[in-house]
Amino acid sequence: MNGGMKDKVAAVFGIANHRSIAYGIAQALKEAGVRLALNFQNERMGKSLDKLTGDLGDPWRRECDVTDEEAVQSFFAAVREEFGGVDYLVHSVAFAKREELGGNFVDTSWDGYEMAQHVSAYSLIRLCRHAAPLMEGRDGSVIALTYYGSEKVVPNYNVMGVAKAALESSVRYLASDLGPKGIRVNAVSAGPIRTLSASGVGGFTSMLDIVAERAPLRRNVTTEDVGKAARFLLSDQASGITGQILYVDAGVSIMGM
Ligand SMILES: NC(=O)c1ccc[n+]([C@@H]2O[C@H](COP(=O)([O-])OP(=O)(O)OC[C@H]3O[C@@H](n4cnc5c(N)ncnc54)[C@H](O)[C@@H]3O)[C@@H](O)[C@H]2O)c1
């Protein structure tokens with residue numbers, strides 16, 4: 001089951017609480033014997049992380065806001081000191097202002113656009129830049145989390161759809177850039193899951209209802225479903241896969257009508 005992942009090191013960005021997709025991924029990695037290095041966005045998030053890390057075996061963790069270049073640099077310097085390097089990077093981070101996740105897309109503000117891009121898309125490039133040197137000689141693997149609203153219009157997803165399009169394109173450019181160093185970069189496109197971030201998207205509950213009704217599997221996905229797929233993509237089982245978007249959405253994205 002562990003796919004040769006025992007004692008590998010994963011830097012996991014994006015656990016806010018036990019509903020977070022990153023939490024499901026961290027659990028799947030822990031089951032495979034992976035050692036975890038977690039970030040938390042700020043002091044408040046750090047306190048809530050303290051409450052749930054027991055289940056993850058009290059992993060190493062450090063504050064790191066992904067919009068802060070110096071914070072990212074010192075996060076990975078500390079990871080190098082603690083673990084000697086890193087094998088896997090999980091980017092499960094996104095943010096857009098609530099007012100941008102509803103109403104008319106044409107009213108998107110520059111501030112809202114810039115913030116969504118910075119936190120949700122550019123941060124992947126920044127994390128890869130600092131993680132890649134720590135992956136040298138280790139067959140590194142990176143995953144990011146995306147959503148179908150990047151390619152088709154999903155009501156209210158608005159500015160985040162455009163940020164996810166940039167994120168998915170960045171996955172391909174990073175895969176091309178880092179491939180010669182043996183580093184793979186992929187994304188998981190997850191179906192809707194009720195999390196803190198998702199609650200900011202207008203009409204989110206109806207998205208869950210539509211998936212349960214129309215998806216081939218007639219259900220929504222869980223963080224456990226996503227965790228297992230993420231573990232596969234990170235592991236050596238996916239050694240020939242890079243630059244891809246893997247849909248973990250109960251099949252809903254294949255439906256035309
Ligand atoms: N929940 C869904 O329906 C769904 C579907 C597809 C993809 N996704 C994606 O999954 C990823 C994780 O989201 P989630 O649904 O688990 O929500 P979540 O709210 O649990 O996680 C989002 C995380 O982003 C972190 N974050 C935001 N701004 C940050 C910053 N400046 N610096 C550091 N961390 C920051 C938050 O602290 C939080 O831990 C996101 O990329 C999201 O877009 C979610």
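Modeller: Of the 26 residues around the ligand, Ala16, Ser20, Leu145, Thr195 and Ser197 come nearest; a residue is near a molecule if its C-beta atom, placed from the backbone, lies within 6 Å of it. Helix 1 (21-31) and strand 5 (141-146) are the elements that give two or more residues to this shell. The model is predicted: local features need pLDDT of at least 70, side-chain atom pairs count only at pLDDT 80 or more, and totals for chains, interfaces and linings use all residues. Residues are numbered from 1 along each chain as its sequence is written.

Colleague: What is the make-up of the shell around the ligand by class?

Modeller: The shell has 17 nonpolar, 8 polar and 1 charged residues. Here Ala, Val, Leu, Ile, Met, Phe, Trp, Tyr, Cys and Pro count as nonpolar, Asp, Glu, Lys and Arg as charged, and the others, Gly among them, as polar.

Colleague: How many helices and strands does the protein chain have?

Modeller: The protein chain has 7 helices and 7 strands, where helices (H or I, at least four residues) and strands (E, at least two) are DSSP runs numbered from the N terminus. Their order from the N terminus on is β-α-β-α-β-α-β-α-β-α-β-α-α-β.

Colleague: What radius of gyration would a compact globule with 257 residues have, and what does the protein chain have?

Modeller: The rule, 2.2 Å times the number of residues to the power 0.38, concerns a radius taken over C-alpha atoms. For 257 residues a compact globule would be near 18 Å, and the protein chain has 17 Å, so the two agree.

Colleague: Why does Asp139 count as partly exposed?

Modeller: A residue is buried if 20 or more other C-beta atoms, placed from the backbone, lie within 10 Å of its own, exposed if 12 or fewer, and partly exposed in between. Asp139 has 15 C-beta neighbours inside 10 Å and therefore counts as partly exposed. Asp139 lies in the loop between helix 4 and strand 5, and has a positive phi of about 50 degrees although it is not a glycine.

Colleague: Why is Ala250 called partly exposed?

Modeller: Ala250 has 19 C-beta neighbours inside 10 Å, so it counts as partly exposed. Ala250 is found in the segment after strand 7 (245-248); its phi is positive, about 60 degrees, although Ala250 is not a glycine. Buried residues make up 44% of the 257 residues in the protein chain.
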